[in-house]
Amino acid sequence: MTISCILPVHNGHRFLAEALDSVLEQSHPDLEILVVDDGSTDGTRDVLSRYRDRVQVMYQDHSGCAAARNRGLEAAQGELIAFQDADDLWMPRKLERQEARFRARPELELCVGLVENFWEDEVAEERDAFASHRFSERVPGFLLAALLARRSVFDRVGGFDESLRRGSDTDWFLRARDAGAVEETLPHLLARRRLHAGNLSRGDLAGRETLLRSMKASLDRRRKGGKV
């Protein structure tokens, strides 16, 4: 089965090579990699130039992560869709493990697995504070970096809400669940989420407000459909 990986990036040169390498090191032979540069002004283009023979790069004016992911979706040719962030890491065999489940279960529409946070030294104080917290454990991750989904589920659920400055990924997962998408969570570590000083969502109150709005919208959809 063909897989398209969509990676949006805005001023992400610092960790971009590691993120791309973790995708390129996957064992899956039929992998399309689409990088959407969302108006970067740092060294992102220099990093991407080293991968020009292995990835397809698209450029757009800075429009936000949701718009970049939607741009990638429009161009993607794969039967299955994966996402990577410019600062996260995929584990070896991520795609192999997930694709096997789609082959075994034709009705499956989206698959995630375990996710693990790790901290850069610049936020060591935060790392130490969460040392014995569930935030430091491997947990089932409804995180786009851990997702593999059929292209058809995006045709049914739609893409990412570009009006949301933060939380368009959470909003999408909630809409997919409300639409009854068939999902499976694997017991394997599939992705590692890097926490650093430049994370968009660290300590962001606006992100929490977006989450609350998305959850309320989900409840409203369920009530309208008679599910609650």
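In which sense do strands β1 and β4 pair, and over how many bridges? Select residues 3-9 for β1 in this predicted model, together with residues 80-83 for β4, and you will find the two strands paired in the parallel sense over four bridges. Within that pairing, Ile-6 stands opposite Phe-83 of β4.

From Phe-83, move to the aromatic rings, where ring pairs link Phe-83 with Phe-142, Phe-154, Phe-160, Trp-172 and Phe-173 in a cluster. The structure holds seven aromatic pairs. Among them is that of Phe-160 and Trp-172, which is tilted, with 6.2 Å from centre to centre and 40° between the planes. Phe-160 lies in the loop between α6 and α7, whereas Trp-172 belongs to helix α7, twelve residues apart. The rings of Trp-172 and Phe-173 have centres 5.6 Å apart and planes at 75°, so this pair is edge-to-face, and both residues are buried.

Next, select helix α4, residues 94-104, whose buried residues are Lys-94, Leu-95, Gln-98, Glu-99 and Phe-102. Looking down the axis of α4, you will see these buried residues within an arc of 100°, so they line one face of the helix.

Finish with two arginines: Arg-45 lies over the face of Tyr-59, at 4.0 Å from the ring centre, and Arg-192 lies over the face of Phe-118, at 4.2 Å from the ring centre.

Terms used
Residues are numbered from 1 along each chain as its sequence is written. This is a predicted model: local features need pLDDT of at least 70, side-chain atom pairs count only at pLDDT 80 or more; totals for chains, interfaces and linings use all residues. Side-chain values use heavy atoms; hydrogens and water are left out. Buried means under 20% relative accessible area, exposed over 50%, partly exposed in between (1.4 Å probe, protein chains only). Two strands pair if DSSP finds at least two bridges between them. The arc is that of the directions from the helix axis to the C-beta atoms. Rings of Phe, Tyr and Trp (its six-membered ring) pair if their centres lie within 6.5 Å; planes under 30 degrees apart count as stacked, over 60 as edge-to-face and the rest as tilted. A charge sits over a ring if NZ of Lys or CZ of Arg is within 6 Å of the ring centre and within 35 degrees of the ring normal.
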